[in-house]
Amino acid sequence: MDYHDIDLFKASQAQVMIARKVKIQRLSREPRSVVGLDVSYRGETGFAAAVSINYKTLEIEEIGIAEGKVVFPYIPGYLAFREAPLMLKALMRLKGEKDLLVVNGHGIAHPRRCGIASYLGVIMGLPSIGVAKRLLAGSVVERNGKRLIVIDGIVAGVVLRLGKSDLYITIGHMVDIEDLEEIARRTTISGRSLPEPIYWADRISREKSLGRISSQRTLI
DNA sequence: GCGACAG
DNA sequence: ATCTTGTCGC
């Protein structure tokens, strides 16, 4: 499949539909397990990892892996159509509870307010936040000493430097701005540049794509 | 038309 | 994201 086999207009409409269901509200309760999601590639094959982390201890509780051929190309603004299918497959393999999704990508700081974090949050009916290394849409404004990500006059996220480089943390679904910083700070161990859920999802999906994980091998 | 552009 | 050569610092 290449660029011309895709109906981006219909894809956009689907995103607008999902964006209307996004709820911005304080997390109803402190999460117990936070799930990090990411995808790595080896050629046309994608390897997704869903890693459940205990919010209090930051220990890995469960790992879900899924792999498959990825035909949808990477097009800025349409990342969910490329990566969400495998992420969902990996997520479904987790037996335990899932209180919050932390996705590698953006939430509502998106051209149609439907980045992959919001997309997954709405589909799963779970709170979600996006963690990205670069900005996709919107702008960063300084306010009360904080760098906020604003799009269409709405505060969609915050820029944090928890480690070596800036991270763009955005609202996915059923969380608010306060939750973003709370979750990001409390799940990031000193010495690391990413929140634990994303760090492990990123690492495990990459190790898997490199064929370094056979089954239940210990990871640390 | 031009530049920008998550992973 | 992935590939890939070179450089800097602990």
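**Close-up 1. Surroundings of DNA strand B.** In this predicted model, 18 residues surround DNA strand B, the closest being Y74, G77, H106, K133 and R134, where a residue is near a molecule or strand if one of its heavy atoms lies within 4 Å of it. Sugar and phosphate make up 49% of those atoms of DNA strand B that come within 4 Å of the protein. Sorted by class, the surface near DNA strand B has eight nonpolar, six polar and four charged residues; Ala, Val, Leu, Ile, Met, Phe, Trp, Tyr, Cys and Pro count here as nonpolar, Asp, Glu, Lys and Arg as charged, and the others, Gly among them, as polar. Residues are numbered from 1 along each chain as its sequence is written, while chains are lettered from A and ligands numbered from 1 in the order in which they are written. Local features need pLDDT of at least 70, side-chain atom pairs count only at pLDDT 80 or more, and totals for chains, interfaces and linings use all residues, with side-chain values using heavy atoms and leaving out hydrogens and water.

Close-up 2. Base nitrogens of DNA strand B are approached by a backbone N or O atom of L79 at 3.2 Å, by a backbone N or O atom of I116 at 3.2 Å, and by a polar side-chain atom of H110 at 3.3 Å. DNA strand C is surrounded by S40, Y41 and R206, and a backbone N or O atom of Y41 lies 2.9 Å from one of its phosphate oxygens.

Close-up 3. N54 lies in strand β2 (residues 45-54), strands being DSSP runs of E with at least two residues and helices runs of H or I with at least four, numbered from the N terminus. With a relative accessible area of 12%, N54 is buried (buried means under 20%, exposed over 50%, and partly exposed in between, for a 1.4 Å probe and protein chains only). A polar atom of the N54 side chain lies 2.8 Å from the backbone nitrogen of K56, and one lies 3.0 Å from the backbone nitrogen of T57. Strand β2 runs antiparallel to strand β3 (residues 60-69), to which nine bridges join it, and S52 stands opposite E62 in β3. The two strands form a hairpin with five residues between them, and L58 in the turn has a positive phi of about 65°.

Close-up 4. In helix α4 (residues 177-186), R185 and E181 are four residues apart, about one helical turn, and their closest N and O atoms are 3.0 Å apart; R185 is partly exposed at 44% relative accessibility, whereas E181 is buried at 16%. The side chains of E182 and R186 also meet in a salt bridge (3.3 Å, N to O), and E30, K56, E182 and R186 are linked in a network of salt bridges.

Conventions: A polar contact is a pair of N or O atoms within 3.5 Å; within protein, one must be able to donate a hydrogen and the other to accept it, and residues adjacent in sequence count only if both atoms are side-chain atoms. Two strands pair if DSSP finds at least two bridges between them. A salt bridge is a side-chain nitrogen of Lys or Arg within 4 Å of a carboxyl oxygen of Asp or Glu.
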